[in-house]
Structure formats: structure tokens, C-alpha cells
Amino acid sequence: MYFAPAGAAACRLPSASESHESIRTVCERTPLTFSPIKCVVLCVAVIAIRVMPCALAQPLATDPALVTGELDNGFRYAIRSSDDPAYAWSILLQIKAGSLHETDAQRGAARIAGGLAARGTSTINTAQLAELLEQFGLSAATDIKTSVSFGRTIVRLDVPHADPPPDVRPILDYLASLIDPGAGPVVSDDNVKRQARLIVDADAASSNTSTRLSARALPVLIPESRIAQRPSRDVPDIESTPADEVSAFIRRHFLPTNATLIIAGAPDPVAFEKEIEIIFSPLPAALAVEAPDPRIPIPKGPVVAIEHDPGLIKDIVQLVSFTPAVAAITTTEDARDKLVDRLAFAAMTDRIAELAQNAEIPVRAGAAFSIDEADTLRASSIVLMGPEASWPRLTDRAIVELRRAIKHGFDEQLIAATKARLLASLQRAAAEADSNATVLADRLADQFARGDTPMSIAQEAALASQIMPGITNDQLADAIRDRLDPARCGYLVVTANPEAKDDTRLGKRMRKALAKNPSRARSEPMLDHLLPIPQTPGRVTRLTSDAEAGVFTAHYQGGLRLHVRHLDAAPGRVAVSLAVSGGRIDEDQLSKGLTQAMSTVWFRPAVAGRSTVQTHRLLSAHGVTVRGVIADDAVCIVAEAPVEHLDTMLELMRGIIDDPAPDPRAFREYRTLSAAGVAIRDIHPLGALDRLCTQALFPPGDVRHAPLHSQEISALKSKRVATWARRVMAKGAIDLAIVGDIDRAVAIERTAAIIGSVKRTIRPAPDQAARHLKLPKGPISVEAHQHLTIAQAAVAVGFRGPDRAAFRDVILAELTAIVLTERFTRRIRDQQRMTPKIGVESRPAEAYIGTGRFEVVAVSAQHNAGQLAEKIRNELDNAARSGPTHAELRAAKLRLSGLWRARLDDPAIWARELALARLRDEPLEALTGALSLIGKSRAVDIRDFLSRFDRPAQRFTAIVLPKPDRAAE
């Protein structure tokens, strides 16, 4: 199907008949005393109203901080300064060449060419590339990231901060060689075959429900489209793509005329502009080849299909419409149309999410979304998920809700909350735009690919705040109709039930649902406050401070403690964290899983008798985001919002303290989704591997660490969870933290008014006996054969890692993990081709002494698993003997320093870690000393870390293999 691009209608004056009809209508409703002068005024007003859209069609203003240009050879560039604590620069080369540009003989060439772009060129070979990247703390194995879509290929490098800043000209030289007709990526039979095999294995390793659903949607719903015939992922027979066709693809499309360079983070854009001209101007001009039309057909009626996926433990119904991408956004009218679409789909998403709160509807989760694939494709979709065998009812519900939105729009309270949430997200993004170079570079790349006027996020947020109030319910209904009319959609059902193959039944169900006449949705009242402010505020009995950390602590009469820290990096924003001790550490066989259920539902709470929907709408309207963490010995919930909504977050925390019992409907949603999620995890190689490791590393029968089974989650009852939540809140100590752009006195005063009167028991001392477990001695070696979704093995090799309290060892473990990830990727993945995916992770122990994990995780072919595990162990032994090279250590320190700087600029992370550290009476070294420890770390420190921790009694190896029946498929 085809819809006219938004904003494409011409702006014109009304015709004489139209104007006459409008004036006649007005006059008929006007008293007979209506004067000629008033009539003339009304005529002018009517014409002005009709011409008003022309006023919206003003050109958008380009981001004033952006420097752009185009060279004589057609090469374009865009440079933008930023102040990212993690990365000095994000450098991105975008080439207008994707899977749609392939010929019949070149299927898969785009993916292969994109991979080869990270492996050297004919003028800068692999060894030279590795050497030039070392000076930036980068590795070709892990830091040159490439991605390929329908219409473009992206090569990017994110360069961490260094002192002094390095000269980035070598990186620009390399990128220039990629699009030099006389150079380009090195293509040989061996390179192409190796890259194709790596792509196939990596796709299999990353396969999940989302990717499988996407792979089915295109060929089933638009089989005649070139997009379905030229997928950018899961390319059939990619291993047989000839090397000469890959070479032809590169010669034809990797050209200066087809390329745009994006640099975010440059402190002096003008200086970069000069370097770009020097390096890229000599490249010869060449005629760019446009991609063939994607040929998105207009269906005569709905397309229906049922697909069987044995890897699913739930049913999914997707209604989707594929259309050409929207026109370039260059005027205020275009921006308004885009905002209407975005708001319509945000409201639809909120509506679907709220359906999950109605126990009578078999929807457990859902989403509505609209995606633009640069200048190629627009996909509009609604997705509903439910338990097995629910797809017929899900189909009904999807159609009914779309038709309800088209006929009636959305209830006004939902629109108000969604508008506020969307505007708050834009304003937050605007406040953080200059602190994330990678996000900024991606945004610029998308704008240039579509031909949009490159606006800053701050400009977009300011324009949205002007336009948003005028967007009406009717406009939102029209947007849903134009983008996702259920009478013209494709219907895709994906189910695990092999008997559900009857497309005719689906068609009948769909037609019956289309004939229904849905009523207007019931409007939920919008709340002004979650809770009334208590009449008697709490009283501060003592103030203390930690000068080094900049933290002030207020002790309230009832026993509550509040920790406050001002954070300059978060202008206009504040985070509030509530940490409660206890929970999982107190569980036994009868209470297993209750902490996870309780705390997960808290993250989408219902407060003081308010429904989850009402609470969610108020939080959304105030721009409050809620997240949390479940530790071994504590539960922590974090809210973040503009500073003017501090009271709302404190009311949320007070509501959870006063009435921690979860909303029964939200609990039922959690139970269904979590049970399905656990079941899916157990049939994925990496999920099954994690379960196997956990079972092997903790004492047999220790229910606190035994992974939950889906049956155990399904058996949980709402009343038991409510009882457990009240027990945890009554017994546990509570610490609050407020971090951000907040005055200390204001934070203490508002907390006193809303929460300070809460009475707490004496802070319990930690149960040290519960923290020392009788752990199995190593070396531990376990192997399991399981039914898996993909025929790949998963391997974990490692040792027991450090405890959270030993922070110096935590930092050394993080540095070691970065060093070894790069080394193993380069040696085991790229050189020896033993795995398509390998990584190293450190998980410090939180509460239980000696239970940390440091592990190397990889996937491989089944026959290769044992050899891969042995190779990893040998490499770990070598690392313990030799330690990291100077280049490896420097790179790891640069990257880890950048990550920690970003963490320390995040008020939510600060609030979470501050509350948990004070709850445990731990020093704030993790928040104050990380950068210093990273800077002082030496190669000998990493060798010492490995020698202390990687000992035979601490070692473990785990292998998960697909059962023979699955491996044979």
C-alpha cells in the first residue's frame, strides 16, 4: 500500500465556493443584527484560518553549532562539537550502499563488504590499521563497528578521551581509503568466505524472538517487494556469494559521491573541516548509482499468515504496514506532521500497555511503533503478545483497539499524559545531547540519510513545545488511520503451536473483528498528586557530611536517613533512590522468587489505592522515569525527573513505603511475562549457560541462588507477594538518596514534609552467617545437553571473582575484562575462527563472600566446544604469566575511564550507588576513587589480580550443547 508522504499537500487559498459556503454557515448561526462590517471581518478571518497552514510551512533552522560542507567530488561532511565524558569523538562514515543496491548475483555482498571495511584496505593493511588504532586506545577487532541496512553502510569509531588528545588524521586517512576507487577494502576468496561464515554464525548466535519475527514479516507480508528479496539480515546462501561480485559492489558504491562523514565531539569544528578537505578532496569523483525502487506493493486487501516458531513460549500477533519512507523534514509543517505521527504511536503504545492491567483481556504486553529506515522504508506496526493459544483473541484485540483509535481517538487524559511524557523525553534528550557523542552522531547520520534539515535536539524540543498543545485528538486518529488502517494491514501470527496453520481461520477472525463497532474507551481521571502531604512533617535530628564525596546526610526522628549530593552534570534534573535491606537474602524454599516478583512490580507501581494506570499516567505527565535493581541483600528503586517534580518522586517513594503490596493486576502481568521469559531463556544457548554456571557455583539446595523455573513463577500468588513485600518493608533498613541539580536545603525540607515522618525500627545488623556460604571447590567442570532454539554450543570458562567491598580488585577485574575481550576477539575469533562471538565479564559479589564471577563466554559449533574451552583456558594462563601489553593496558584504561566518567555524570547511577553504599555502611570509594584507581593501575597489577584469583580451586568450565535431535535440524 502507499500513503502520501506527510506534509505533501499543497498550500492553497480556498476556492470561491468553499469560502462562500464557510461564510454562509457562519452567517446562518449569527443573529439578524449581523452588520456588513462584521461580515467583512469574518470573511477575512475565514480566509486567514484556511491559509494558516501556509504559516507552518516555514523552513526549519539548521543547528547553529553544526559545520557542514560538500567537496567538489561530491563527498559531504558534518561536524558538531560536544562534551561527552566517555568519548572525545564519535566518527562515523555513512555510505549510501545497502542490500537494496545488490544485483541478483550480489545477494549478501553489502553485509560482506561492510564487514571487510573493518579489516584493512589495499593501502592500509590489517597490521597497519591495528598499529594506528593503538594510539587511540582502540582495536580493529572490537572498536571498528560496521552496520548494514537496506539503504546504507555505516563504519564508526568511538574514540575515548586521552591526555593529550591524539591526532585523528590517521583515522580519517583510513576512512578515506575505504571510499577511494584506487584502494577500498581488500577482497579475496579467503576474506569473503571468512566474513560470510562469521556473519552466518553471528546471526545465529544473536537470534531471538524479535529477529525471527522480523525475518518472517517481510517475505510473508510483502513477498514481491525488493525489500523482501534483498534482506539486510539472514541472507540465504550468503556463503556462496562470489568474491568478484563483492568487489564489483564495492567499486560501484564505495565512492566519495556516496559518502557522508559525521564527526561528533570535535572541540574545534573549523579545524576539522580543514583536515577533511585536505584528506578527502584528492579522491576522484565518480558517478553514484541509485538503489532500485524498493517496490512496496499496494495490497488489494489484508494479507494474513501464520508462522510456526518452536522457540516461542507465547503467541505474537503483529499488524504491520510497510510504506515508502516519509519525505525529508525541512519545514515546520513537516516537523508538525512528524510530531503528530510520533504522538499518535506513543498514545497507541500507552493504550496497549494499559490493556495489560485489565484482567479480562488476554493481553500481557504490547507495543505500537513506527520506524523509518532512513530514506528507504517506513514500517508501522502494532504488536500484541499473550500466553500460548491466545492468538485468536489477540487478533481481535489488535483490530478493535486500532479501530477504536481511528473512530474515537484516545481519551483526553491519556493524550495529556502522553504529550507530557513525549515532551519530557525530548527535553531530557536536549539537556543530555552534548554529553553523548555517539547518540549525536547517529542522529546526524539519520538526518543526512533522509535529507532532513539537521536540527539540534534542543531546537526540536523547543519546536515541539510550541506545536504540541495544538495537536488534536482527531489528528491523532487520522494519523493511525493513514499509517495503520486494520482493513489494509498485513497480519502475521507467530506461535509455537504447530497445529495453528489455518490461514483461513485467521482471515475469518480478522473480518469478524473488522465488522465490530467499538465504543469510546473509558477515560481514567488524571491525578494531581499521588499522595496528600502529611500534616505533620518529619524532624531532622542530625546533619552529617562526607566532604570528599560531597554528600550531606540528614537523620530524621523516625530513623530514616537521606543522603543528598549536588551534581553539576545534570542541569535541571534530579534522581531519587529508595534502598531497602533484605529480600532475597531472607528467602527459603517457600518464599523463593517472592523478592523478584515484589520488586519488579514496584518498578511499575500503583500507589495508595491508585490504579497502576492512574499512577503511570501521572508519572508520565511529570516526566518521571522509574527503574530499579534487585541485589542479593537489598532492593533499590530509582526515579528520575525534572527537578520541579521532586515532590512527585517523593510521593511515589512514600506510597511504596506505606503500602508496598503490589497491584494484583500488575502482578498477574509480571507473572505471565516472566514465566515466558524464563522459559525462552532456558532454550537459548547463552541463557542455558548462565543457569548451568549458577547451579554449579553455588551450594546444592541453596534456593536463594537457584535460578527460577517458569513453573515456579507461574505458581506465585498475589497475596503471598503482598505479605512478603510488607515484611521486607517492615524489617528492612531504608536509605534515601537525592542526586542532581538540587539545593541541599530544599531536598531535606521536601523529604521531611513528605517522607520524614516515617517511623523505622532500629537498623538491623547484617547477618554475617548468611553471607558466608560453603562453596563447591574447583576446578569445576560441568556439561549439559539441552533443547535449544539454535544448533550452537555455549562455553563459559572463568574463576570466582572479587567481592564488591574490595573495590580495587573490582577495578582491576574490569580492566582485565576489557583487555581480554579485545585479545580473545582478535586471536580466537578473527585469527583462529573458533567462535563468532566472545566476551569477558566481571560480576563482583554483592552480599555473599567469595561468590563473584569472572568469566569468558563464547558460542561455537557443537563439535568445536571442547577445543574452544581449552583454548580459552590456555589464553587465560598466558595472560596471567605475561599480563597485558602497554598498548592493551592503555586502551583498557582509556575506555574504562570514559565509562566511569559517564557513570559519575548520571544522577540515577549516583543515587542508586549512594543509597546502596550507605545502606550497607560501605565507604563511597566506588563513587569517588574509581578514576584514580584506573589511572594508577599497572600491568603488574593485572598479573597479580589473575594470579590471586585464577587458581585451580577457583576455576570453572561450563558447556551447553544442543541435544542431538535439535543439532540435526
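What follows goes from the whole chain down to single residues.

Visitor: What kind of model is this, and what gets counted?
Guide: It's a predicted model, with residues numbered from 1 along each chain as its sequence is written. Local features need pLDDT of at least 70 and side-chain atom pairs pLDDT 80 or more, totals for chains, interfaces and linings use all residues, and side-chain values use heavy atoms, with hydrogens and water left out.

Visitor: What is the mean pLDDT of the protein chain?
Guide: pLDDT is the predictor's confidence in each residue, from 0 to 100. Here the mean is 84, and 91% of the residues reach 70 or more.

Visitor: Where does pLDDT stay under 50?
Guide: Where pLDDT is low, the predicted coordinates should not be read in detail. In this chain that stretch is residues 1-54, for which the model has 42 contacts beyond four places in sequence. Contact means heavy atoms within 4.5 Å.

Visitor: How many helices and strands does the protein chain have?
Guide: Both are DSSP runs numbered from the N terminus: helices are H or I with at least four residues, strands are E with at least two. The chain has 34 helices and 23 strands. Its radius of gyration is 30 Å, close to the 30 Å from the globule rule for 969 residues, so the chain is as compact as a globular protein of that length. That radius is taken over C-alpha atoms, and the rule is 2.2 Å times the number of residues to the power 0.38.

Visitor: What does the C-alpha trace span along its principal axes?
Guide: About 95 × 80 × 65 Å. Among contacts with a separation of 6 or more, 84% join residues 24 or more positions apart.

Visitor: What share of the 969 residues is buried?
Guide: Buried means under 20% relative accessible area, exposed over 50%, and partly exposed in between (1.4 Å probe, protein chains only). By that cut-off, 57% of the residues are buried. The accessible surface comes to about 39,700 Å², of which 54% belongs to carbon and sulfur atoms. Those areas come from the Shrake-Rupley method with a 1.4 Å probe, and for residues only the protein chains shown count as cover.

Visitor: How far apart are the mean positions of the positive and negative charges?
Guide: Lys and Arg count as positive, Asp and Glu as negative, while His and the chain ends are not counted. A charge is placed at NZ of Lys, CZ of Arg, CG of Asp or CD of Glu. The 119 positive and 116 negative charges have mean positions 5 Å apart.

Visitor: Why is helix H18 largely enclosed by the rest of the structure?
Guide: In H18 (residues 594-602), 7 of the 9 residues are buried, so the helix is largely enclosed. Leu-594, Met-598 and Trp-602 are among the buried ones. They pack against elements including strand E16 (625-630), helix H20 (646-658) and helix H21 (664-681).

Visitor: Which residues does Pro-662 contact?
Guide: Pro-662 sits in the loop between H20 and H21, and it's buried at 8% relative accessibility. Leaving aside neighbours within four places in sequence, Pro-662 is in contact with Val-601, Val-721, Ala-722 and Ala-725.

Visitor: Is Ser-99 buried or exposed?
Guide: Buried, at 1% relative accessibility. Ser-99 is in the loop between strand E3 (87-95) and helix H3 (109-116). Beyond four places in sequence, its contacts include Ala-110, Phe-150 and Arg-230.

Visitor: And where is Asn-258?
Guide: Asn-258 is in the loop between helix H9 (243-253) and strand E6 (259-264). With a relative accessible area of 8%, Asn-258 is buried. Not counting residues up to four places away, Asn-258 touches Gln-94, Ile-95, Lys-96, His-253 and Ala-288.

Visitor: Which peptide bond is cis?
Guide: The one from Gly-778 to Pro-779, with omega near -5°. Pro-779 is in the loop between helix H26 (768-771) and strand E19 (780-786).
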